[in-house]
Amino acid sequence: MSLAEKVGQMFVSYVYGRTADTASPANVSLYGVATPAEVVAKYHLGGVIYFTWSDNLADPGQIAGLSNGLQRAAVADSGVPLQISTDQEGGVVNRIGAPLAVSPGNMAVGATFRPGEAYRAARVSGTELRALGINVVDAPVVDVNTNARNAADGPRAFGDRTGQVSLFGAEAVAGYRDARIGAQAKHFPGLGDTTVNTDNGVAVTDESREEILATHVPPFRAAIAAGVPSVMAAHIVAPALDPSGRPASLSRPIVTGLLRRQLHFDGVVITDALDAAALKDIPADQIVLDAVDAGVDQLLMPKDVPGAVRTVLDAVADGRVSEARIDRSVRRILRMKTGLGLFDDPYVSEQPVVGTPGHLDVMAGVAAGSVTELRNTALPVEAGRSVLVTGWGVGTTTNLTNALNARGVGATRLYTGSPNADVIAQAVAAARAADVTVVTTYNAWGDVNQQKLVAALLATGKPIVVAAVGGPYDIAYFPEVSTYLAAYGYQLPSVNALADVLTGRQAARGRLPVTIRSADGREVLFRYGTGRG
């Protein structure tokens, strides 16, 4: 391989277009060429990541065709097949919906208290992604969600106990492995104690080295033991691990010192997205060179791919980075691609089979075992009663209304989102006219308007059911609620499972995979493991 081809293997970026030959002005602006195939060939990209906003994810046949076209471009260019990935965690981070079988998400899986469900959900999801030509999944999240106000993880995490997350994460890695897709454990060394999402700003953990190693690192150790081929380094700042204040993704003490030497991981290390707000104050060339110096193998989504590639090539030319250093990363990348069978056959059928009854049943079963009842005075809702569905989520409230009607309940919908006073008044009037109101909430701990809505509905004196479709922590902000269910997500399997519990078709079998404290953090409201399951 030429030096340019080797350096190209270290970059994973997005391209615009539904096919490999779709010309896009956005590609021209970013890369100087028009089509995704030309981008891959010009920069010898090691990987491409799919998004809806880059027009990559219209339907299964289109996705498979795009994957095949990009693979042809990569193989014709350097002979090295392409890593194709997407963020298909399930739950609240899910890039491809129906007709695929979508996982309810990690915290829902954790609420089943059955580690085998993590394996089954991952194997189904991985099998369907591989059918689309996606050979690496940016999952599982193995962060331990120790902070209830965590804006990065929350329901993306399996729970708040290190042992549980380690066990479920390892099972997910095994499921992806058996689906012949590469898993990516994230976000090293763990985002669970933070509040800021690094996409939006700088996240800092003040935990000691001992606390980080005891609480947040073990799930990564378990994922490595399970054979995970890739680990994503977060942009979190952990002064106890690196006093320089560099983000973990750019930190040699964290990537090389902790992940490589202490955990003995010799697989592929990829950064989190380099266009994240957490890095906005660091010069672009410094980001690239610090990542390489840290020991990272793949740089994900730099703002300026041509400039980033040029930075690495120039650094090799003037001796700041040795070609032997580049070779170490390329060998890891090629070893992963070989292990995934990409050199044998990188192509897929352009009529992929996804969303089979068996796959859908697996995800429905996971969701059915996850819904958790913390309080109940109003359920089940009997057929023929009038139900108002209101609260957060355009699709969530629509799907829940439809699901209740399909189960013989007369449900009407009033979507509020994060409501103002006028909308709250409308919801209160509608609740007074209904027999029962189901209000959906999503991370209401950070949204005072959702809190006001629930308080106003409770003040009507009518039966009110609060259904949390994000993390289960919302009840701390309206502790007087008498009927509360945690669904942990809003994908269709979770909504259908929620409807079954509301109407008494199914018992709430889930248990809390976290501890819920009062809003001030002083009192334990519901302990880990609470639930009827």
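In β13, Gly410 is the bridge partner of Ser386. Ser386 belongs to strand β12, residues 386-391, and six bridges join β12 to β13, the two running parallel. Strands here are DSSP runs of E of at least two residues, helices are runs of H or I of at least four, and both are numbered from the N terminus. Two strands count as paired if DSSP finds at least two bridges between them.

A word on the source. This is a predicted model, in which local features need pLDDT of at least 70 and side-chain atom pairs count only at pLDDT 80 or more, while totals for chains, interfaces and linings use all residues. Residues are numbered from 1 along each chain as its sequence is written, and side-chain values use heavy atoms, with hydrogens and water left out.

Back to the sheet. It is open, has six strands in the order β11-β16-β15-β14-β12-β13, and its pairing is mixed. β11 (372-375) and β13 (410-415) are the edge strands, each pairing on one side only. On average, neighbouring strands are turned by 20° against each other, direction ignored. Axes are lines fitted to C-alpha atoms, for helices over the stretch in contact, and angles run from 0 to 180 degrees between N-to-C directions.

Next, the helices on this sheet. Helix α15, residues 394-406, lies across β12, β13 and β14 (436-441), and runs at about 170° to β13. Helix α18, residues 492-502, packs on the sheet and touches β14, β15 (464-468) and β16 (484-486); its direction makes about 150° with that of β16. Contact means heavy atoms within 4.5 Å.

Now to Thr271, in strand β9, residues 268-271. Is Thr271 buried or exposed? Thr271 counts as buried because its relative accessibility is 0%; the cut-offs are under 20% relative accessible area for buried, over 50% for exposed, and partly exposed in between, with a 1.4 Å probe and protein chains only. Leaving out residues up to four places away in sequence, Thr271 touches Met232, Ala233, Ser249, Ala291, Val296, Gln298, Leu299 and Leu300. A polar atom of the Thr271 side chain lies 3.1 Å from the backbone nitrogen of Leu300.

Last, some backbone details. The peptide bond between Ala139 and Pro140 is cis, with omega about 10°, and Pro140 is in the loop between β6 (136-137) and α7 (162-178). A cis bond also joins Lys186 to His187, omega near 10°; His187 lies in strand β7, residues 184-188. Asp55, not a glycine, has a positive phi near 65°, and sits in the loop between β2 (47-49) and α4 (60-78).

Conventions: A polar contact is a pair of N or O atoms within 3.5 Å; within protein, one must be able to donate a hydrogen and the other to accept it, and residues adjacent in sequence count only if both atoms are side-chain atoms.
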